[in-house]
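Dear colleague,

Please find the structure we discussed placed directly below.

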Amino acid sequence: MTIIASLRGLERGFANGVKALGPIDLDIREGEFLSLLGPSGCGKSTALRVIAGLLAPSSGTLTFPNGRPRIGYVFQDPTLMPWATARENVRLPPELEGLKRAESDTIADAALARVGLSDFAGAFPRALSGGMRMRVSIARALAGRPRLLLMDEPFAALDEINRDALNEDLLKLWRQDGLTIVFVTHSVYESAFLSTRIVTLTQRQGRIASELALASPDDRTSEWRMTPQFADTARQVSRALRASVTVAA
Amino acid sequence: MNPRSLRTLLPLALGIAVLMLWEGLVRAYEVPRFVLPAPSAIWDALIADLPSLMGSLWVTFRITLIAFALAVVTGVALAILFSQSRTVEMMLYPYAVVLQVTPVVAIAPLIVIWVGFERINLALLILAWIVAFFPILSNTTLGLRSADHNLVDLFRLHGASRLQILKRLRLPSALPHLLNGMKTSGGLALIGTVVAEYGAGSGTATGLAWRIIEAGNRLQIARMFAALLLLALLGIAIFFALALLEYWVLRQWHESAVTQEK
Ligand SMILES: Nc1ncnc2c1ncn2[C@@H]1O[C@H](COP(=O)(O)OP(=O)(O)O)[C@@H](O)[C@H]1O
Ligand SMILES: [Mg+2]
């Protein structure tokens with residue numbers, strides 16, 4: 001099994017004395033859908049930011065055994081530039097990379113098509129619904145042609161119908177591109193539906209509390225949510241989460 | 001009647017009523033012209049002196065406009081410098097504040113002496129610039145800093161340079177703040193010009209403020225009112241022009257422009 005990123009004894013504190021994360025040891029495996037599950041404030045965002053290279057660890061190491069992969073990042077809020085159209089937002093990564101305008105546009109339009117927003121390429125963010133904005137945000141991450149996609153509670157602010165639809169679409173993208181996804185959430189059902197593996201974090205100082213490999217079928221669709229197997233999985237995840245929170249308390 | 005036309009009609013009706021009352025009272029009690037001239041007398045003075053008043057209006061307007069343009073250019077440039085170097089900001093910002101809090105009337109005589117009475121317009125320009133500059137600097141500085149932290153991270157993740165982050169993220173983020181600062185600064189540039197003219201206190205200045213002083217010295221109160229009216233109209237025109245510019249630039253995307261539409 002190929003390891004795409006490896007965290008060893010990794011910790012991150014802040015100047016104000018808050019020890020936000022770790023120490024944790026974690027291998028991120030190529031092609032997996034890994035969820036980081038934990039209560040808010042436990043250091044999930046910090047973990048993603050360290051993996052993305054936006055924060056340096058205070059101690060421990062982060063290594064990429066096969067070289068640093070292309071990384072995409074999706075935030076909890078769509079985080080779009082309000083003065084730019086959907087297309088202009090989505091073509092940001094290729095443009096920053098130095099690709100020509102025409103090439104960037106081609107990539108952006110393809111990415112928008114994949115999230116079902118071809119007709120809205122010229123729309124400004126304020127004209128789009130919350131779910132559509134999040135789709136633009138995902139398209140922007142795709143436009144960076146990532147191998148590793150980091151997502152920080154991307155659907156937390158959406159209503160359930162939008163969230164379920166986006167969950168299913170995300171799985172499709174993950175399968176089609178052979179992506180590796182690290183997905184931060186505090187939702188048991190979301191992580192149970194999406195993940196191939198779940199890591200729960202402790203309440204304080206974000207250490208790994210438990211690890212759960214899920215044996216879900218590859219083609220998880222809305223049908224899967226209705227099965228007893230899914231209910232079992234969710235129960236299992238819920239129990240693990242509860243245990244990891246009480247351990248720390 | 002819809003609220004929009006009420007918004008225009010109500011103040012208009014009040015204005016006309018006050019003018020009529022004013023005219024009536026002045027006539028009824030035969031108030032002397034050098035105490036309070038009737039609106040009709042002010043109108044007559046305005047028409048009679050229109051050529052010289054318009055000349056003065058132009059002088060005041062030109063100084064205001066140039067001072068404002070200079071304030072925008074230098075304010076934005078300094079704000080950009082601040083955003084790139086914390087050291088420069090810490091070094092210079094206190095002096096910008098000192099410049100801001102010192103009343104312009106107090107500096108006016110000094111600047112006039114330094115620049116020289118023969119170049120009085122340059123002195124006025126400098127004084128108006130001092131007043132108009134600060135809102136641009138502070139608003140733009142705030143705006144450049146207000147860029148979404150996550151977007152900054154995203155730019156960094158995709159390898160953007162500082163210059164790219166400035167040009168493509170910080171400057172657009174600062175635009176609403178800058179436009180807002182411009183609304184304040186445009187009005188201040190006019191105030192600065194007028195106050196500086198008073199402060200300069202010499203007959204070499206030929207703007208509207210000087211017309212007011214001159215007419216006051218001769219007890220031509222109607223003429224004072226006429227000049228005052230032109231000043232007020234200029235102030236209103238500047239404000240509306242800048243508000244329009246703000247709306248026009250931001251109508252695509254900014255929240256404050258959006259809520260107006262609802
Ligand atoms: N830049 C920062 N400076 C100081 N403390 C921070 C900073 N970022 C996060 N923290 C603190 O670190 C802890 C973990 O934060 P975070 O990683 O955002 O948690 P989560 O994403 O799980 O909600 C919190 O207590 C938070 O207040
Ligand atoms: Mg978080």
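From the N terminus on, the elements of chain B run α-α-α-α-α-α-α-α-α-α-α. Please note that this is a predicted model. In total, chain B has eleven helices and zero strands. The C-alpha trace of chain B spans about 75 × 60 × 25 Å along its principal axes. Of the 262 residues in chain B, 44% are buried.

B:Thr193 belongs to helix 8 (residues 162-200) of chain B. Its relative accessibility is 0%, so B:Thr193 counts as buried. A polar atom of the B:Thr193 side chain lies 2.7 Å from the backbone oxygen of B:Ala189. B:Leu229, for its part, is found in helix 10 (residues 221-250) of chain B. With a relative accessible area of 38%, B:Leu229 is partly exposed. B:Leu229 belongs to a nonpolar surface patch together with B:Leu233, B:Ile236, B:Phe239 and B:Phe240. Together these residues have about 500 Å² of accessible area.

I turn next to the ligand. Which residues surround ligand 1? They are A:Phe14, A:Asn16, A:Val18, A:Ala20, A:Ser40, A:Gly41, A:Cys42, A:Gly43, A:Lys44, A:Ser45 and A:Thr46. By class, this shell has four nonpolar, six polar and one charged residues. Helix 1 (residues 44-52) of chain A supplies the largest share of the shell, three residues.

Contacts between ligand 1 and the protein involve both backbone and side-chain atoms, as the following list shows.

- A:Ser45: a polar side-chain atom lies 2.6 Å from an oxygen atom of ligand 1.
- A:Gly43: a polar backbone atom is 3.0 Å from an oxygen atom of ligand 1.
- A:Cys42: a backbone N or O atom lies 3.2 Å from an oxygen atom of ligand 1.

Taken alone, ligand 1 exposes 560 Å², and the protein buries 61% of that.

Helix 1 of chain A deserves a paragraph of its own. This helix is mostly covered, seven of its nine residues being buried. The buried residues are A:Lys44, A:Thr46, A:Ala47, A:Leu48, A:Val50, A:Ile51 and A:Ala52. After helix 1 of chain A comes A:Gly53, which has a positive phi near 85 degrees.

The remaining findings concern salt bridges. How many salt bridges does a search of the whole structure find? Over all chains, the search finds 31. One of them joins the side chains of A:Lys44 and A:Glu153, with an N to O distance of 3.9 Å. A:Lys44 lies in helix 1 of chain A, and A:Glu153 in the loop between strand 6 (148-152) and helix 6 (160-177) of chain A, so the pair ties together parts that are 109 residues apart in sequence. A:Lys44 and A:Glu153 are both buried. A:Lys44 is also among the residues that surround ligand 1.

A further salt bridge in chain A is formed by A:Arg87 and A:Asp109, whose closest N and O atoms are 2.8 Å apart. Because A:Arg87 lies in helix 2 (residues 86-90) of chain A and A:Asp109 in helix 4 (residues 101-114) of chain A, this pair ties together parts that are 22 residues apart in sequence. Are these two partners buried or partly exposed? A:Arg87 counts as partly exposed, at 28% relative accessibility, and A:Asp109 likewise counts as partly exposed, at 31%.

In chain B, B:Asp49 forms a salt bridge with B:Arg223, the closest N and O atoms being 2.2 Å apart. This pair links distant parts of the chain, 174 residues apart: B:Asp49 is in the loop between helix 2 (39-48) and helix 3 (50-84) of chain B, and B:Arg223 is in helix 10 of chain B. Both B:Asp49 and B:Arg223 are buried. Finally, salt bridges that share partners join A:Arg91, A:Glu95, A:Arg101, A:Asp105 and B:Arg168 into one network.

With kind regards

Methods
Residues numbered from 1 in each chain as written. Chains lettered and ligands numbered in written order. Predicted model: local features only at pLDDT ≥ 70, side-chain atom pairs only at ≥ 80, totals over all residues. Heavy atoms only, no water. Near = heavy atom within 4 Å. Polar contact = N/O pair within 3.5 Å; in protein donor to acceptor, adjacent residues only side chain to side chain. Areas by Shrake-Rupley, 256 points an atom, 1.4 Å probe, with all protein chains shown as cover. Helix = DSSP H or I, 4+ residues; strand = E, 2+ residues; numbered from the N terminus. Nonpolar A, V, L, I, M, F, W, Y, C, P; charged D, E, K, R; others polar. Patch = residues over 30% accessible without salt bridge, like charges linked within 9 Å, V, L, I, M, F, W, Y side chains within 5 Å. Salt bridge = Lys/Arg side-chain N within 4 Å of Asp/Glu carboxyl O. Buried < 20%, exposed > 50% of the residue type's maximum accessible area, 1.4 Å probe, protein only.
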